Amino acid sequence: MHTGHQHQGRHRDRGRRPRHCVIEWVEGAHVRGSDLAVVQVVLLGKQLGRIHRALAVYAPAPVPAAPPGAEVTGAAKAVEAADRYLATVAALHAPRAFDRCVAQAMEARKQLLEKYADLRPLGDVPAGPYGWTHGDFQFRNIVWRNGQVAAVLDWDRLRVRPYAEEVTRTAQVQFGVGGRFDLERVSAFLSGYRTVVDLSVEDLADGVQRLWWKRMTDFWQLSFHYQRGDNAFDDLFLHDEALLLWWTHRLDQVRAAITR
C-alpha cells in the first residue's frame, strides 16, 4: 500500500531559535529490508554512499580534524547493568510475561559477556574515514516508489560519524529480521555502498565488531520500560535479543558478509 509523506524537518541549536523546513509531498511506501529484491538492496547501498559523498561536498559545518570517539563499555559494567534489571524484575510483586523474558535474557547476556569479554573492541576511536551521516538510515525513513528510492526522511540525527558505523548499523536494522541476518542482502547492500565509497575490509571489520559489542552492552529498551514506564520498545527488545544471540554464535559469518 502506498502512503504519502510530507516531511517537516526541525532543528534546534542551543541558544538559537528552532529552524524548520517543509518538503513537498512524496508518494511511496516504506519497505523492510527483507522485502526488497536483491537488486534494490544494491541500489540502497549505492544511495547511502551517494548521501555520504554529497554530505562531504555540501557539509552543514566543517568536519572536525580529530575523528569522533566512541566509548566502549566494559564487560563488568554491562554485567552490573544486567544485574540491576534482574533485581528490578525480582522485586516485582506480579511479574508479567515480558518481565520473565527479561530475566531470562539478562542471565543469558551475562553468560555471553563472560564468554566473549576478550572480544571487546580496543580503543575509543573507530577505524576508517568519517564525515557527516544521516544517523538513522533505515526502512522507516526511506520511501520507495517504482523500485527506486524516492525520498529519505528524518534528518534530525545528522551528525559526524565514522562511515562504517552508519553502514553496519543500517545493515543490522534493515536486514536483521526475524531474529537473524539475511546475509545475502547484507552482502548486496555493502557491495552497492562500496562501489561509491571505498571502505576497506579492516574499517568494516572494526565497524561491525563495535556495533556487535554495543548491542551486547546496551539496555536502552529496558531503560524505557522500567525507568520511564514506556512499553513502546518491548517487542524491539525481544527481537534484538534473539538477533544478538544468533549473531554472537555466527560472528565470523556476519563479519564475512559485511567485509567480502
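Trainee: Which residues does Arg157 touch, not counting residues up to four places away in sequence?

Mentor: Arg157 touches Thr133, His134, Gly135, Asp136 and Arg169. Contact here means heavy atoms within 4.5 Å. This is a predicted model, in which local features need pLDDT of at least 70 and side-chain atom pairs count only at pLDDT 80 or more, while totals for chains, interfaces and linings use all residues. Residues are numbered from 1 along each chain as its sequence is written, and side-chain values use heavy atoms, with hydrogens and water left out.

Trainee: Where is Arg157 found, and what separates the C-alpha atoms of Arg157 and His134?

Mentor: Arg157 is in the loop between E7 and strand E8 (159-162). Helices (H or I, at least four residues) and strands (E, at least two) are DSSP runs, numbered from the N terminus. His134 is 23 residues from Arg157 along the chain, and their C-alpha atoms are separated by 6.3 Å.

Trainee: Is Arg157 buried, exposed or partly exposed?

Mentor: Arg157 is partly exposed, because its relative accessible area is 39%. Buried means under 20% relative accessible area, exposed means over 50%, and partly exposed lies in between (1.4 Å probe, protein chains only).

Trainee: What about Asp154?

Mentor: Asp154 is found in the loop between E7 and E8. At 32% relative accessibility, Asp154 counts as partly exposed. Asp154 is not a glycine, although its phi is positive, at about 55 degrees. Most residues other than glycine have a negative phi.

Trainee: Which residue in the turn between E6 and E7 has a positive phi?

Mentor: That is Asn146, with a phi of about 55 degrees. Asn146 is exposed, because its relative accessible area is 69%.

Trainee: Is H4 mostly covered or mostly open?

Mentor: H4 is mostly covered, with eleven of its 13 residues buried. Among them are Val167, Thr170, Ala171 and Phe175. Phe189 touches Val167, Thr170, Ala171 and Phe175, and its contacts beyond four places in sequence also include Val41, Leu44, Gly45 and Leu48.

Trainee: How many residues does the largest nonpolar core have?

Mentor: The largest nonpolar core has 60 residues, and those with the most contacts inside it are Leu44, Met106, Phe189 and Leu222. A nonpolar core is a set of buried Ala, Val, Leu, Ile, Met, Phe, Trp, Tyr and Cys residues joined through side-chain atoms within 4.5 Å.

Trainee: Leu36 next, please. Is it buried or exposed?

Mentor: Leu36 is buried, because its relative accessible area is 2%. Leu36 lies in the loop between strand E4 (26-28) and helix H1 (38-57). Leaving aside neighbours within four places in sequence, Leu36 is in contact with Val31, Val41, Leu44, Trp144, Gln174 and Arg185.

Trainee: And Leu122?

Mentor: Leu122 counts as exposed, because its relative accessibility is 79%. Leu122 lies in the loop between H3 and strand E5 (130-133).

Trainee: Which backbone nitrogen does the side chain of Asp206 reach?

Mentor: The side chain of Asp206 reaches the backbone nitrogen of Ala127 at 2.9 Å. Asp206 is in helix H6 (residues 201-217). At 15% relative accessibility, Asp206 counts as buried.

Trainee: Finally, what does pLDDT average over the protein chain?

Mentor: The average is 92, and 92% of the residues score at least 70. pLDDT is the predictor's confidence in each residue, from 0 to 100. Over residues 6-15, pLDDT stays under 50, and the model has 23 contacts beyond four places in sequence for them.

Definitions and conventions: A polar contact is a pair of N or O atoms within 3.5 Å; within protein, one must be able to donate a hydrogen and the other to accept it, and residues adjacent in sequence count only if both atoms are side-chain atoms. Two strands pair if DSSP finds at least two bridges between them.
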